Amino acid sequence: MATRSQTAAVLLAGALALAACGSGGSQTPAAQGGGGKTLVIDTSFDLKTADPGRTYEPTGLFVEKAIYETLLTFEGADVTKPVPALAESYELSKDGKVLTLKLKQGATFADGSPVTADDVVFSLTRVRDMKGTPSFLLDGVEVAKEGDSTVTLTSKAANPALPFILPNPALGIINSKLAKQHGATADAQDKAEQYLNSAAAGSGPYTIESFNVSSQVVLKANAKYYGTKPAYDKVVIRNVEAATQKLNVQRGDSQVALNLSGDQVTGMPANLQVKKTASANVIFLLANQDDKVSKTTPNAKFVEAVRKGVDYTGLLELAGEGSTQAPGVIPSQLLGALPADQAAKRDVEGAKAALAASGVANPTVKLEYPSELTVNGLSFQPLAERIQANLKEVGITVDLQPAPVTTALDNYRNGKEELGLWYWGPDYPDPSDYLAFLPGKTVGLRAGWKTGAAKEIEAAGEKAATAIGDDARKQAYADVQTKLNASGPFIPLIQPSQNIVTAASVTGLEYHPVWTVDVAHLGAK
Amino acid sequence: MKWDPLARKGLTGRLPEAWRQPLAVVGGVIAIVWLVVALAAPVLAPHDPLAQDLPRLAAPGPGHWFGTDQLGRDILSRVMHGARVSIPLTLMLVALSVLVGGLLGACAGYFGRWVDETIMRVADLVFAFPTVILAMVVAAALGASLTNAVLAVLVVAWPAYARVTRGLVLGVREREFVLSGRLLGFSAWRSLRVDVLPNVTGPVLVLATLDIGTALLLLSGLSFLGLGAKPPSPEWGAMVASGVEVFDSWWVATFPGLAILTVVLAFNFLGDTLRDALDPRTARAIKERAL
Amino acid sequence: MPATDDTPRAPRRRGAHPLARFLIRRILLALLLAWGITLVTFVLTNLVPGDPVAANLGQRALGDPAIVAQWRSQHGLDKPLWEQYLLHLQGVVHGDLGTSQQSHRPVSQDLAEFVPATLELAGAAILVSLVLGVAFGVIAALRRDRLADHALRVLSLIGISVPTFWLALVAFYVFFYRLQITPGSGRVDAALGSAPAVTGLQTVDALLAGRGDIFGSAVGHLITPALVLALYTIGLLTRFTRSAVLEVLGQDYVRAARAKGLPGRTILFRYVLRSALVPIITVAGLAFGSLLSGTVLVEAIFAWPGVGQYAYKSATTLDLPAVMGVGLVVGVVYLVINLIVDVLYGVIDPRVRLQ
């Protein structure tokens, strides 16, 4: 029967179509209105979670900064001096092992309950014991409550960096009572992430209205915030490609574009503000010291040839205005950074001489780099191609080996790259983070540089790690970097500019090396 | 030994007429121009395609008619040299697909039974994936390089030929001249080669011409995603990708894209005319499979 | 599955409706294919060099074995490969696709969000293609060998020759950036919010919620990417419709109808189009598949939060559960579309046997 099978077929087709489409969406409906000001921020998302204890991606830190408060923070863009936040004062013991923090009175969470010493102890031990990405920040640090409004943090060795670590938004204080109700156990089995992705359990100026790791995050002002109310009632953070960010902000679709490259911000119309600040990300080359990985790169003269062969000015031209050459591995805005005049300079003849002295004739080396990675809007691709052309002039043939980040990063962390092009951003704005570049340490090992490979540099590093007092530390870290630049396997290249474009109506924007921008400090005009 | 007289006559009888069609002429001329460019690029190109010695992101103008890219390379020279990368690889890729797909399809059609079942189910499996996504994952699994991109496209391209060849072989297999050949004691291989092959070649070649365009599109698409050509090689898809970042400088992406478009268009003009020249039945079989 | 592999001559059960038998066979075959898809995706993703850990932990944490070990065990990557696959398969059977390493959400939840976005885009594109492609094809056939026919032929060939990723870029630059006549990236203006999700299709949800402003914005956002995607299928459908219509025009019964003096419009709609519909639907079904492929590239340019972008991101970060989920869902969508096409075949043309 034609009619019956016809009906059946149509019904079936309809049912299938429904089944295909009707699996349902999960966007939370955006509440309309509110009457206050809305700020739209475009950025390329690097976001996985809103759980501070698991956050380590730039967009995540940016979002957490608005939702959670930390014990200490930084004022504006100055990262050389931690200032009080939830703690009203702090004191580091003479041996540098015990940090005592006195909590501020009157701070409340978004549900109105007060922030207590118990919340602080729970939040910090949770980060440490969940073994999530940021857990290393508090590795080996014991957190204890000393009375209702005092907390001590005790490290096994001197830890003068701790006050610089605490402002990291990953160490935001969460409402422990709420979190425990929703599965927080502060160990590897902790289940509170789902909850923290949908509700704000912090004491910051904003709370979560909706949160989607791939499309957009909407923040709304915390109605019960105990501090100064932020200028914007609602902040929409959208995941947008850099090229589109530019068009959106030009058309007024958004008020802030965070990830534009140097080329993209040239020729911006006068009604927009362009803020170009050298970022704290240092892009560098590494030459593997492991002779099982390469016969060429462990040669000190070869490394010298590369160091003298790179055209730093040419790289800065690619990175655009606002970028600076990195004089050492420690970025310019941190304590202990080398002065700009100590940066390496191009010397083609010197490079050729060094190459001749190395005894390696017509070397061919592989340069591995993450092909789709961009740092502050700057893609690694043209950088690698420029370096290849630079070294060709010197007589070094570079075979470019781009790979997706996962593949490249895997080779990098296993110390398998002959030459590598990478970057390091500060985990916390303290020079001790950069001891990772020494032999036997995280980054040193990635360059095949094992403990004992450079005794003099290692000794300088140990001295720097235990130095107390700003001047002594400055001196010690400068010494480490001078030695690294003379004979280490790393060639610091540039700190690309972080270019932020805002509408004329947005005021008070400061670029911050850890959380990019503090949304709550933005004003409206 | 007999050949199918109709099929042969159908193809040879109509071809010259087909070539007189303006579309085929236009396609042929464009294709020849590109082949000449590919062969003579080192002589014709005004600059070294790799030299980074011009001003960065200069708009098209005297000295650099297609403008320069973000590293100060001449785009015109890179587009010309790109022909040396893309065109030979595409032709090789299609030839490989014809070979692999044709062979498997012929086996499936001729031997039938489990051979047929196995080959065609694998083909179905490939068809069940969206081509770009499958090629993407295969290319990623093999590591980014042009050779691997070719292999990845090969993985998704062969089933089309297998299906067409199988269909054609099935049509021919039970025909008198093949049966009589087998009765005379020809081996399966000889029977395939002598009796079946000539009757299948024409349609498969037309499909191949039509496929050159698709193959180039897929190959440059993979390079666009960073899964094909290795820098600083001037591959067109990779050049378009580098233009995405410098959106404002429209010339960086526009010209390599036009190069892809014209090459694909030329082969589609040729293929379309050839297809019309075939007898309608095989033409339809091809159309339905040439997606 | 030997039960389904019965030869055509096997005795047929009485009473089983041919449609039902056809469906059962197709569904069993689909299940087999779906299993094949999971196996292929699993093997391929594991062949990719690299380690998903690298995509998920910071540079510093990667150097900390305790954090890495904890992450691996949390995602079940410390188990042997075969066990990982079996666990995944077990999950799929129970409707659990696992948790994405990237989004930290259940993959099914991710897909429920991204698949409708892509279906909306591809659906709009196929709609446009069907209307324009069939119209152009009919015009070309009726004006055979005249100017319109030749012009449409050239246009349709250009349509199938344009690299989609490039066209998307050019369209975005010209219409959004230069002329500023189309809205920007995404599915709807952020300032408007979005309608409550019922179907996941913004346009439909907006209408259901009675929000004209959101509907307008959603349609505006759809136009450019849908047209870019549609260009290829328009070209394809124009060519196929033309030849299908030409073939029918040459049939005896059409000639007879004409000889009887029936008006041209009646002949066209009652006889010609109806018969030509079968090949057109086949092609449209296959074209829908190629559209899903095209969305990978188009979504990237228009920042369309669809399954193509999700697939690309999952593949590059080796997010195994997500990759397998995408493979499975897209494969199933393909199979469903083919099934619908086959069924429609039978409806339109009763001569086609359901076999």
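The buried residues of helix α8 of chain A pack against β13 (282-287), α10 (348-358), α11 (380-394) and β20 (490-495) of chain A. Here, residues are in contact if their C-beta atoms, placed from the backbone, lie within 7 Å, and helices (H or I, at least four residues) and strands (E, at least two) are DSSP runs, numbered from the N terminus. The model is predicted: local features need pLDDT of at least 70 and side-chain atom pairs count only at pLDDT 80 or more, while totals for chains, interfaces and linings use all residues. Residues are numbered from 1 along each chain as its sequence is written, with chains lettered from A and ligands numbered from 1 in the order in which they are written.

Helix α8(A), residues 300-309, is mostly covered, with eight of its 10 residues buried (20 or more other C-beta atoms within 10 Å of a residue's own; 12 or fewer is exposed, and in between is partly exposed). Among the buried residues are F302(A), V303(A), E304(A) and R307(A).

Elsewhere in chain A, four strands form an open sheet in the order β4-β5-β7-β6, with antiparallel pairing; strands pair if DSSP finds at least two bridges between them. Strands β4 (87-92) and β6 (142-145) of chain A stand at the edges with a single partner each, so one side of each has no neighbour in the sheet. On average, neighbouring strands of this sheet are turned by 20° against each other, direction ignored. Five bridges join β4(A) to β5(A), residues 98-103, and L92(A) stands opposite L99(A) in β5(A). Helix α3(A), residues 117-130, lies across β5, β6 and β7 (150-154) of chain A and runs at about 165° to β6(A). Axes are lines fitted to C-alpha atoms, for helices over the stretch in contact, and angles run from 0 to 180 degrees between N-to-C directions.

In chain C, helices α1 (residues 18-47) and α5 (residues 81-93) pack at about 140°, with axes 11 Å apart. The two helices α1(C) and α5(C) are therefore oblique to each other, as angles under 35 degrees count as roughly parallel, over 145 as roughly antiparallel, 65 to 115 as roughly perpendicular and the rest as oblique. The contact is made by T38(C), F42(C) and N46(C) of α1(C), together with L81(C), Y85(C), H88(C), L89(C) and V92(C) of α5(C).

Finally, the contact between chains B and C takes 36 residues from chain B and 35 from chain C. On the chain B side, α10(B) gives the most, with 10 residues.

Definitions and conventions. Contact = placed C-beta atoms within 7 Å.
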